[in-house]
Amino acid sequence: MSVSSSKDKSPAGKGRAALQAARAAWGKAGVRREAAVHAEHTGDAAGASGRMTPAESAGADTRGALGGGAGTQARSRQHGGGDAETHGLRSGDADTEPHGSRDGGRDAETYNAQAQRATAGTHNLRGVETGTEAEGVRDRARSTPTSGKEDSALNSRPAEAGVEAHRMRGHGANGQVNGAGVQAQSAWDRGTGSKLPGGRVGSPGPVAKERSSMGGSGIVKPHGTGAQVHSSPGSDAGAQADSAGAAAGGQARAESAAALAPAAARTKSRKRLLVVASVSAAAAAVIGLAAAASWVRGLDISKLSHPLPEPGFMLDVNGERVAQLSSSKLVPVSLTQVPENLRNAVIAVEDRRFYEHKGFDLWSISRALLRDLQAGSMKEGGSTITQQLAKNLFLESDKTLTRKVKELGYAIKINFTYSKDEILELYLNSIYMGEGRYGVEGAAQQYFGKSVKDLTLEECALLAGLPKAPTTYSPMKNPDKSLERRNLVLSLMKEQSFISEAAYAQAVAKPIKLSPPKAEDSLQGRHAHYVDYVMDEAQRLYGFTEEQVLTMGLRIYTGMDLKVQQAMEQVYADDSLFPASQGDQPVQSGAVVVDHKTGLIKGIVGGRGKAVYRGFNRATELKRQPGSSFKPLAVYGPALERGYTPESVLYDGELDIGGYKPRDWDGRTRGQVSLQEAVMRSWNIPAVWLLSEIGIDAGLDYVKRAGITLPAADRTLSLALGGLSEGVSPLQMAQAYGSIANQGVLHQAHAIVKITTKDGQKLVEAAPQQTTVTSPANAYVMTTLLQGVLSPSGTGQAAALEGRPTAGKTGTTQLPATPEFQAIGTNGSKDAWFAGFTPELTAAVWVGYDKTDKTHYLTTGSSVPATLFREIMTRSLQGVPVSGFPVPEEIRRAQEEARKKAEEKAAKEREERERREDEAKKQEEEREKARGKAAEKQEELRKKIEDWLGGNRDE
């Protein structure tokens, strides 16, 4: 703290003495004032604060700080000698800005005198925190030439001499802090009096007199002479240029102030309350704004940063697109592809100030709010394009105040994050346009059968009118309302100068012409069951998520044969091929066709009726007991590997193995049958007996090699009859039978060949596993056995294809042995199967009810799936040249050896026959000779007899 010497005779010293005298006089009067005076004596800031009464301060302008910290702004008149005024500042930092004389010719003493007068104003402070920057004051102060020394006036709470203005920011003279942060403004804005002769200032305006009620607790005192408070006596001591009129004016003001002191005290109390309320309200507003800003910053709009969803495509085995992979009918386009007429039309009808506002339009919101108040409900939206985008992507569509507030917050965040063009592009690609279409490209295709870039003006106007109410203004459902809406959009475009009068007249006169795409031209929703399995396989084998498959624009190349797939779908659409449904539950079915040479899945049908997106796929997900169709895998296949042949004799009599007593389907026994007959007629007892002979583990091992892994619970003799604990799917059965058709080699069944980006970059490529299940010879023998099943004597004759070699096996499962089905007995079945193959394709078909009960069971046996197999294969192979089953080299050699042996045997037999024939001929010749000789002898004898008889007659 710096204390000036009383012996100092300089103008500055006289000023300090005057300030000390003023403080003492103020204390005696009982009126305490806290002030902050920023003085410039020597070219840098010198803070001075003190207490003085209006009676002791002549020329000092004392004003209550308006709504915040005190600020002293001393301004010396540009031409020197003028009184300076100190102004209370509204709600802000004290901003002390001394301005020295701009006349460089003045001597230092005169300048110092003016500076002291300029800094004599005092302000009553209540410690309201301010927020206005004051750092620039020092630089401006240093630019003025001075000759004095730094000094500091004393306060009851002294301040260091020369304290810079920025250190006083946020602090009143009494050291209290109140938190306000509104920018300070000079009292010049509140109205001051005009300059009077002699350096005095005229009476303040009415605003100036009430200034203290808007901020701190300072009191504006009326002055007798009509002049505002001027500089203190201390300042006058250094102001040699002031006239005597200034002193007289000061005395008059002091007398007037003393007379009105009681009224000022009452006003002071009331105004304190107003100040507290005002500051509290301001603080609450600031806190609210800060909280709102923090909330907006915390909103997550990262969804917008992701690329717009782009549909992918599934391609068939020939590389042709056969299905679209998309979660919605959305085809995104860039803003450059959207016609200018469409952009302008949307802006004209939805948000005419789109490129001007900050994401929300106060005028539109106010207008909508007024209409809502009049209507008594939330009917009007007042939403900008940005707000609509926020609502569409992040919020529900309910019309509530809470949702509108959230919508506003998201709109502000979006507007600060993205450019206007980016926001418009996002909006145009995501807005719902009716008929299940999102985005302008999809809408253009839906309504006009063309790309959005090719739309005409009137077509653009029609699309722009749809978002408000897509169903109401749909040109397909309500053409009249759609036309009216389109013309309204055109009029708005004309009104906002987007189009000319001539263009408007031409467009409005045109009728609506729609060209919607044909249903068959759309790939959306095609071959749903195959698509579902492709999505499952992409996730299971390659790690793609469903969202990635549907939104990344992938190209998934598959093994689908469109001819096969369509054949299957046609068969399943023919109800006459299925038994009549009982009750409200239809007979269901699932089928899979594979190319056993590659493992590629050629076709999938997962059920009857309309396909449900990501619904249950009975071809790939179903698990049911396969019945007798499992015998070639669990019994006869491993038996052939152990030396059994089609001619092997099997037991077919009463059988009880550990309490397990199988029965043949006809209820009879035959004692013994050949293995070939057991397969062809699907006898149960021989199969169970044979599995018991070769061992259950042998059956489980073969089944596992065929691609079917069974749980431990299936290690029972019921394995022979397909009595499994969980069951198998048609896909598993088709894959297993494919190994028989492919000479014992199993190719893992798969749908996906490769996956690429839309630009052709390969992401994954299939590398299916290959497994040897059995020898080609055994597979061929099994094939011949299964061909017998389709013979007129076999159980699968309904599956035989005319003129084409076919093999396969039927299968049925019994109804559960529960009281519910006791009355039905053997007259019904739960599941029916047929699994079979031609030289080209392998297929498996299941038929049954999703839920089997006493009113929903099968009565047709395996003939239905066998018929479905025949129909599918016949249509799929139409036009394909007939070929035979390939014969393994081993079998070919064996057949050749057998042929040779047969030929040799035949030759030997022929030779033997010829030898016997020769011998017989010789014997016949000898007999003939003997007969001839006998005849000759007989003739001779006859002649002798005749001669003898003749001689006797002569005699």
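**Charged side chains and a nonpolar surface patch**

With a relative accessibility of 5%, Asp664 counts as buried in this predicted model, because burial is assigned to residues under 20% relative accessible area. The side chain of Asp664 is paired with that of Arg670 in a salt bridge, in which the closest N and O atoms lie 2.9 Å apart. Arg670, by contrast, is partly exposed, its relative accessible area being 25%.

Lys809 is buried and yet has no salt bridge, since the nearest side chain of opposite charge, that of Asp664, is 11 Å away, and a salt bridge requires a nitrogen of Lys or Arg within 4 Å of a carboxyl oxygen. The side chain of Lys809 is instead joined to that of Ser682 by a polar contact of 2.9 Å. When neighbours within four places in sequence are set aside, the residues in contact with Lys809 include Ser628, Ser629 and Ser682, together with Pro632, Val679, Leu786 and Val789. Also among the contacts of Lys809 are Tyr737, Thr795, Trp833, Phe834 and Ala835.

Across the whole structure, 34 salt bridges were found. Side chains of opposite charge can pair when their charged atoms come close. One of the pairs is formed by Arg353 and Glu356, with 3.5 Å between the closest N and O atoms; Arg353 is partly exposed at 31% relative accessibility, whereas Glu356, at 56%, counts as exposed. Salt bridges also link Glu641, Arg642, Asp701 and Arg705 in a network.

A further salt bridge connects Glu928 with Arg931, the closest N and O atoms being separated by 2.2 Å. These two residues, Glu928 and Arg931, belong to helix H27 and are three residues apart, so that about one helical turn separates them. Both partners are partly exposed, Glu928 having a relative accessible area of 46% and Arg931 a relative accessibility of 40%.

Helix H27 comprises residues 889-954 and also contains Leu941. Leu941 forms a nonpolar patch on the surface with Ile945, Trp948 and Leu949, and the accessible area of these residues together amounts to about 410 Å².

Technical notes:
Residues are numbered from 1 along each chain as its sequence is written. This is a predicted model: local features need pLDDT of at least 70, side-chain atom pairs count only at pLDDT 80 or more; totals for chains, interfaces and linings use all residues. Side-chain values use heavy atoms; hydrogens and water are left out. Buried means under 20% relative accessible area, exposed over 50%, partly exposed in between (1.4 Å probe, protein chains only). Lys and Arg count as positive and Asp and Glu as negative; His and the chain ends are not counted. A polar contact is a pair of N or O atoms within 3.5 Å; within protein, one must be able to donate a hydrogen and the other to accept it, and residues adjacent in sequence count only if both atoms are side-chain atoms. Contact means heavy atoms within 4.5 Å. Patches are made of residues with over 30% relative accessible area and no salt bridge: like charges are joined within 9 Å, nonpolar side chains (Val, Leu, Ile, Met, Phe, Trp, Tyr) within 5 Å. Accessible areas come from the Shrake-Rupley method with a 1.4 Å probe; for residues, only the protein chains shown count as cover. Helices (H or I, at least four residues) and strands (E, at least two) are DSSP runs, numbered from the N terminus.
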